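Work through the exercises below with the model open. Try each task before you read its solution.

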Amino acid sequence: MSQTSRSIICLGEAIVDLICERRLGPDEQPDRLTPHHGGALPNVAAAAARRGAPAALVGGVGSDHWGRLLIEGLADEGVETRWISIVDGARTPLAIATFDRDGEPSFQIYGEHIGPTMEAAEIFLDEAVGSAQALVIGANTMVGQTERDVTRRAVSMARGLGLPVLLDPNHRPMRWTAEDEALPLGRELIGSATVLKCNREEARLFSGEDDPGTAIEALAAMGPDLVVVTDRGNRIRTGGAVSTTWSPERIEVVSPLGAGDAFMGSLAAGLAGLEWDLGRVAEVLPLAAADATRVCGHWGARS
């Protein structure tokens, strides 16, 4: 099997996003909720597949209507779904997403079966990672001990095979009981990553540095060969072995939900097309930014 025909393997939970498709004032409550396909790593896989890269999800869903909906949606996007476990008796997690007047999202996660579904998917790791060209992970699978163990095993396998490991922390404070638990676990993954993509606030949080340039230097010193940081000014900075900046077109934002996932998936697909020559990252930033911008024009993370 050639390297380019191998899949970009995305490890993470699949979630249904129930979105209130309007911005709420301080005292307003959500009314109508519209279901959308969600989960950071499924979104990354879908974005990579849209850019023509072979992509697969390793994860799990419950044996309910929502689980079937998520698998069908990924298959429709061209994502390989054979490594998604369907867990009998488990409920597929749901995330209620609301937006304030400034467009800032808030989430409430319902369903405690992320650990069991990830544990059930562990049986696929040998086959999936063994046939991969890269592994993409996030920090949310470090919240519980079960999914933490699965994530660590996947990263160890990928590094042992010499595969690039791509990390988007996608930090969600409400998923953690305490920030002092999230930060060291996130830094652990940063130290194992080949490529780190994060937003400006995550760069500040994990580096402890307020200045973006200094934050990038600190993050690169933790181990990644390439650090890509985006911010609300639509400015993209990279660091590590490569240093460049790029500013994409501005648009009127409906919702930022899923923009970072689209960027990550497109970035992974672009780097795969360059046979993981990280020194050419500037060539793929425009497409990654365009894909992220496009997502901001609608409510759902993928549609």
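**Exercise 1: strand 2**

How many of the 10 residues of strand 2 are buried? Solution: strand 2 (residues 15-24) is mostly covered, with 7 of its 10 residues buried. Buried means under 20% relative accessible area, exposed over 50%, partly exposed in between (1.4 Å probe, protein chains only). Strands (E, at least two residues) and helices (H or I, at least four) are DSSP runs, numbered from the N terminus.

This is a predicted model: local features need pLDDT of at least 70, side-chain atom pairs count only at pLDDT 80 or more, and totals for chains, interfaces and linings use all residues. Residues are numbered from 1 along each chain as its sequence is written, and side-chain values use heavy atoms, leaving out hydrogens and water.

**Exercise 2: pairing**

Find the partners of strand 2. Solution: start with strand 3 (residues 34-38), which pairs with strand 2 in the antiparallel sense over 5 bridges. Pairing requires at least two DSSP bridges between the strands. Here aspartate 17 stands opposite histidine 36. Next, take strand 6 (residues 94-100): it runs parallel to strand 2, joined by 6 bridges. Leucine 18 has isoleucine 96 as its bridge partner there.

**Exercise 3: glycine 62**

Is glycine 62 buried or exposed? Solution: locate glycine 62 in strand 4 (residues 55-62). Its relative accessible area is 2%, so glycine 62 is buried. Now list contacts (heavy atoms within 4.5 Å). Beyond neighbours within four places in sequence, glycine 62 touches Gly67, Ile86, Val87, Ala90, Arg91, Thr92 and Thr117. Finally, check glutamine 29: 33 residues from glycine 62 in sequence, and 28 Å in space, C-alpha to C-alpha.
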